[in-house]
Amino acid sequence: MRGKFISLEGGEGSGKTTAIQFIQQWLEQHSIPYIMTREPGGTPLAEEIRQLILSPREEKVNDVAELLLVFAARAQHLAEKIQPALDEGIWVISDRFLDSSYVYQGKARGGDVAVLDQLSRWVVGENKPDATLLLDVPVELGQERVVQRQHQDRLDKESLSFHQKVRDGFLERADVEPDRVKVIDASQSLESVKYQIEKQLVQLNNAWSGIS
Ligand SMILES: Nc1ncnc2c1ncn2[C@@H]1O[C@H](COP(=O)(O)OP(=O)(O)OP(=O)(O)O)[C@@H](O)[C@H]1O
Ligand SMILES: [Mg+2]
């Protein structure tokens with residue numbers, strides 16, 4: 001049976017990388033084979049593209065250039081890592097995926113949604129995640145969590161209004177595709193976030209196994 005594809009989404013400091021560890025524990029408890037990956041990145045070439053996208057630089061990065069770099073990395077990631085794993089029955093858990101493009105390059109940067117839809121059809125096609133867990137936190141709380149981190153990338157350094165658009169953009173994605181995108185209240189304690197995630201995983205796994 002084909003593996004399941006789950007993506008984690010949310011703004012900076014919302015807790016995606018933390019949530020991935022909870023998912024990992026759950027998959028291991030259930031003896032489900034899986035790989036963890038991330039976007040932009042996931043393969044050597046795609047990780048090089050990630051560096052190009054995220055490194056702070058003097059030169060202004062053109063919005064269309066940023067968008068195409070993200071999709072170039074995604075094409076490589078899907079062809080060389082995600083699809084082969086799913087075909088072997090291995091679950092794929094990705095720290096960010098397609099929704100981040102709609103939110104960062106679309107909503108926050110004002111990119112054309114029709115172009116995003118077209119790129120999505122061309123590059124991702126039927127390979128959308130089976131489920132997406134959206135870690136939702138108020139912008140200020142996310143920012144508080146990231147300032148404790150030493151390293152800041154080009155997008156961490158954006159303004160508060162940019163991060164507010166990011167949060168709103170993700171919640172809109174959940175409104176548009178509620179069956180796929182599940183909102184996790186990530187302002188809660190780690191224990192509560194872990195509980196919410198496990199609850200979603202159980203429900204999803206039951207639905208995928210045909211248990212009602
Ligand atoms: N529910 C929570 N309660 C308290 N602290 C949390 C919670 N979730 C995450 N944190 C802490 O906040 C920080 C950011 O979390 P994490 O790295 O998981 O976010 P992220 O979404 O992966 O961020 P980024 O987009 O920058 O990679 C970490 O130090 C983490 O331990
Ligand atoms: Mg992270």
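I will begin with how to read the model and then turn to the ligand.

This is a predicted model, in which local features need pLDDT of at least 70, side-chain atom pairs count only at pLDDT 80 or more, and totals for chains, interfaces and linings use all residues. Residues are numbered from 1 along each chain as its sequence is written, chains are lettered from A and ligands numbered from 1 in the order in which they are written, and side-chain values use heavy atoms, with hydrogens and water left out.

Which residues come nearest to ligand 1? Of the 17 around it, they are Lys-16, Thr-17, Thr-18, Arg-149 and Gln-188, where near means a heavy atom within 4 Å. Lys-16 places a polar side-chain atom 2.7 Å from an oxygen atom of ligand 1, Thr-17 likewise has one 2.7 Å from an oxygen atom of the ligand, and for Thr-18 the distance from a side-chain N or O atom to a ligand oxygen is 2.5 Å; a polar contact here is a pair of N or O atoms within 3.5 Å.

By class, the shell around ligand 1 holds 4 nonpolar, 8 polar and 5 charged residues, with Ala, Val, Leu, Ile, Met, Phe, Trp, Tyr, Cys and Pro counted as nonpolar, Asp, Glu, Lys and Arg as charged, and the others, Gly among them, as polar. Helix 1, a DSSP run of H or I with at least four residues, gives the most to that shell, with 3 residues.

How values were computed: A polar contact is a pair of N or O atoms within 3.5 Å; within protein, one must be able to donate a hydrogen and the other to accept it, and residues adjacent in sequence count only if both atoms are side-chain atoms. Helices (H or I, at least four residues) and strands (E, at least two) are DSSP runs, numbered from the N terminus.
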